[in-house]
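Biologist: I have a model open and want to learn how to read it. Can we go through it feature by feature?

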Amino acid sequence: MQLTSHSFKDGQAIPGEFAFAVPDAASHVALSANRNPHLAWSGAPQGTQSFVVVCHDPDVPSRGDDVNQEGREVPATLPRVDFFHWLLLDIPAGTTQIEAGAQSDAVTARGKSGPAAPGGLRHGINDYTGWFAGDEQMKGDYYGYDGPCPPWNDTLVHHYVFTVYALATPTLAVTGPLTGANLQAALAAAPVLAQARLTGLYSLNPAVPAV
């Protein structure tokens with residue numbers, strides 16, 4: 001299988017319109033258009049009955065002590081963990097692309113609703129749910145796509161890995177809430193026929209540009 005995008009090229013920077021936030025000279029960051037990027041795939045094997053799309057960032061700081069703190073920076077040596085930005089399930093076998101903005105076209109305070117997604121698909125819960133849990137204005141269940149928003153003082157460029165999985169079943173059975181961890185466990189037990197990846201880069205730190 002092959003996964004491509006009109007929105008960005010593999011190994012290159014993701015444009016700000018597909019991010020949750022963009023750099024801002026006065027306040028470090030400002031909310032962005034938060035549109036999901038275009039994705040297209042080809043070469044699915046015979047027997048494919050559905051697709052799953054996952055986007056995760058493996059470069060998220062494992063500790064938040066220095067995150068977005070004035071006069072400090074997040075060191076590159078800090079261990080990193082996964083942060084899931086998009087879980088899209090039960091994509092019909094006849095589908096070969098997702099148009100830009102079709103599943104997300106703005107930042108939605110308290111999160112987009114789910115699990116029902118446009119086009120009869122199914123959204124999972126992304127990790128902004130946990131990130132905003134202590135914020136009275138933003139807390140909620142964040143279903144669907146919410147784009148990059150790495151720490152503005154991080155010394156690492158973040159990698160956003162988009163993966164499409166071809167399944168031999170029309171739906172993916174997930175035990176428990178539709179979180180990234182539970183989805184990964186379901187995929188590990190599912191009849192995955194093939195997969196393809198596409199990676200984009202993003203940074204909110206002017207001193208560490210994504211190039």
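Predicted model: local features only at pLDDT ≥ 70, side-chain atom pairs only at ≥ 80, totals over all residues.

Biologist: Now the interior. Why look for nonpolar side chains together?

Modeller: In soluble globular proteins, nonpolar side chains tend to be buried together. Here, the largest nonpolar core has 27 residues. W41, V53, W86 and F162 have the most contacts inside it.

Biologist: Which strands each supply at least two residues of this core?

Modeller: They are β5 (39-42), β6 (50-61), β7 (80-92), β11 (158-167) and β12 (192-202). The most comes from β11, which gives 4 residues.

Biologist: What lies apart from that core?

Modeller: Another core, of 14 residues. Among them are V52, F84, L178 and A190.

Biologist: On to charges. How many salt bridges does the structure hold?

Modeller: The structure holds 8 salt bridges. Take R80 and D154: their closest N and O atoms are 2.8 Å apart. That is within the 4 Å cut-off, so the pair counts as a salt bridge.

Biologist: Is D154 buried or exposed?

Modeller: D154 has a relative accessible area of 0%. The cut-off for buried is under 20%, so D154 is buried.

Biologist: What does R72 pair with?

Modeller: R72 forms a salt bridge with D66, with the closest N and O atoms 2.8 Å apart. R72 has a relative accessible area of 41%, so R72 is partly exposed.

Biologist: And which residue meets E136 in a salt bridge?

Modeller: K139 does, at 3.2 Å from N to O. E136 counts as exposed because its relative accessibility is 53%. K139, at 31%, counts as partly exposed.

Biologist: Which residues do salt bridges with shared partners join into one network?

Modeller: That network consists of E17, R35 and D105.

Conventions. Residues numbered from 1 in each chain as written. Heavy atoms only, no water. Core = buried A, V, L, I, M, F, W, Y, C linked by side-chain atoms within 4.5 Å. Buried < 20%, exposed > 50% of the residue type's maximum accessible area, 1.4 Å probe, protein only. Salt bridge = Lys/Arg side-chain N within 4 Å of Asp/Glu carboxyl O.
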